[in-house]
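Open the model in your viewer and keep the sequence panel beside it. The stops below say what to select next and what is there.

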Amino acid sequence: MIKQIISLILILAVSGFSQVKDPEKILQKVKSEYEKIEDYQVDVKIKVDVYFLKMPDRTAKIFYKKPDKFNIESEGFALLPKEGFSFSPLSLLNSKYTSFYEKEDTLKGIITSVIKVIPLEGSSDVILSTLWIDTKRSIIMKIESSRKPTGNFSIDFDYLKTKEGFYLPSSMVFSFSIDKSVMPRGFDIETNSESKNAISDSTKTKKGTVYLNYSNYIVNKGIPDEVFIKKDEKK
């Protein structure tokens with residue numbers, strides 16, 4: 001019902017204006033460019049700034065295989081939203097959705113098309129996403145999403161061009177809000193004063209940020225399916 005209401009509001013909002021650009025053509029170009037990537041592996045440096053989680057900076061290796069297989073070789077990320085590590089345009093654009101062209105905007109000196117996307121699949125926990133798309137390279141520069149029941153998140157991207165000729169993230173800043181009611185009991189107990197102040201705050205929703213820097217991409221060289229099998233499934 002919420003999705004239908006949002007769809008109606010957006011339709012009414014844009015009904016009196018002609019859309020300068022076709023959002024579906026822009027999104028399909030993003031999808032087609034990303035579909036050229038069969039798989040990749042990459043090293044990543046991770047910094048976590050989350051009030052309920054004390055974690056030192058660390059490194060990891062991320063594996064991706066088309067269309068939606070992800071594996072991160074590192075420990076301690078189970079309680080962080082998965083979108084921060086495994087976002088793919090295909091995860092959003094392979095499902096049914098409605099899209100609306102909103103405006104043109106400049107982001108980091110790059111002219112982007114701002115498009116709103118409403119998933120129509122009942123299984124999606126995302127209610128509405130806003131995408132800032134660099135149409136020259138057909139890449140997503142920024143995404144903001146509202147989701148149920150745990151809050152909102154945004155992802156800001158910078159890109160590099162790999163030696164294979166693909167644009168993939170060089171860095172990503174993932175910011176999210178989380179409802180305290182969905183956290184494991186006792187998990188927000190810390191010993192430092194900063195965390196104690198955070199706990200005493202009665203605000204229901206808390207915010208966190210994850211910083212990721214990528215290097216050493218290996219693209220379309222083939223990754224066996226066994227890489228994506230969980231450890232407990234291998235036993």
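A residue is called buried under 20% relative accessible area, exposed over 50% and partly exposed in between, using a 1.4 Å probe and protein chains only. The model is predicted, so local features need a pLDDT of at least 70 and side-chain atom pairs count only at pLDDT 80 or more, while totals for chains, interfaces and linings use all residues. Residues are numbered from 1 along each chain as its sequence is written, and side-chain values use heavy atoms, with hydrogens and water left out.

**Stop 1: the whole protein**

Show everything as a cartoon. The protein has six helices and 10 strands; these are DSSP runs numbered from the N terminus, with helices being H or I of at least four residues and strands being E of at least two. Buried residues make up 44% of the 235 residues. Switch to a surface: the protein exposes about 13,200 Å², and carbon and sulfur atoms supply 52% of it. Accessible areas come from the Shrake-Rupley method with a 1.4 Å probe, and for residues only the protein chains shown count as cover.

A contact means heavy atoms within 4.5 Å. Of the contacts in the protein with a separation of 6 or more, 57% are accounted for by residues 24 or more positions apart.

**Stop 2: colour by confidence**

Colour the model by pLDDT, the predictor's confidence in each residue, from 0 to 100. The average for the protein is 79, and 71% of the residues score at least 70. Which elements have the lowest and the highest mean pLDDT? Helix α5 (residues 193–200) has the lowest, at 43, and helix α2 (residues 23–34) the highest, at 95. Select residues 14–19 as well: the pLDDT there is below 50, and the stretch has four contacts in the model beyond near neighbours in sequence. Residues 186–200 also stay under 50, and the model has 23 contacts for them beyond four places in sequence. Where pLDDT is low, the predicted coordinates should not be read in detail.

**Stop 3: a strand residue**

Select isoleucine 118, which lies in strand β5 (residues 110–119). Isoleucine 118 counts as buried because its relative accessibility is 0%.

**Stop 4: aromatic rings**

A pair of aromatic rings is described by the distance of the centres and the angle of the planes. Rings of Phe, Tyr and Trp (its six-membered ring) pair if their centres lie within 6.5 Å; planes under 30 degrees apart count as stacked, over 60 as edge-to-face and the rest as tilted. By this rule there are eight aromatic pairs. One of them joins tyrosine 64 and phenylalanine 70, a tilted pair at 5.0 Å centre to centre with 50° between the planes. Are these two residues buried or partly exposed? Tyrosine 64 is buried, at 0% relative accessibility, whereas phenylalanine 70 is partly exposed, at 22%.

For a stacked pair, select phenylalanine 174 and phenylalanine 176, whose ring centres are 5.4 Å apart with planes at 25°. Phenylalanine 174 is buried at 1%, and phenylalanine 176 is buried at 4%. Then select Tyr34, Tyr40, Tyr64, Phe70, Tyr214 and Tyr217 together, a cluster linked by ring pairs.

**Stop 5: salt bridges**

Side chains of opposite charge can pair when their charged atoms come close. A salt bridge here is a side-chain nitrogen of Lys or Arg within 4 Å of a carboxyl oxygen of Asp or Glu. How many does the structure hold? There are 10 salt bridges.

Select aspartate 225 and lysine 65, which form a salt bridge with their closest N and O atoms 2.8 Å apart. Aspartate 225 lies in the loop between β10 (205–219) and α6 (231–234) and lysine 65 in strand β2 (residues 58–65), so the pair ties together parts 160 residues apart in sequence. Aspartate 225 is partly exposed, at 37% relative accessibility.

**Stop 6: charges over rings**

A charge sits over a ring if NZ of Lys or CZ of Arg is within 6 Å of the ring centre and within 35 degrees of the ring normal. Select arginine 137: its charged end sits over the ring of tyrosine 167, 5.2 Å from the centre. Arginine 137 also forms a salt bridge with aspartate 134, with the closest N and O atoms 2.6 Å apart. Arginine 137 is partly exposed at 24%, while aspartate 134 is buried at 4%.

Finish with lysine 142, whose charged end sits over the ring of tryptophan 132, 4.9 Å from its centre. Lysine 142 meets glutamate 144 in a salt bridge (3.3 Å, N to O). Lysine 142 is buried at 17%, and glutamate 144 is partly exposed at 34%.
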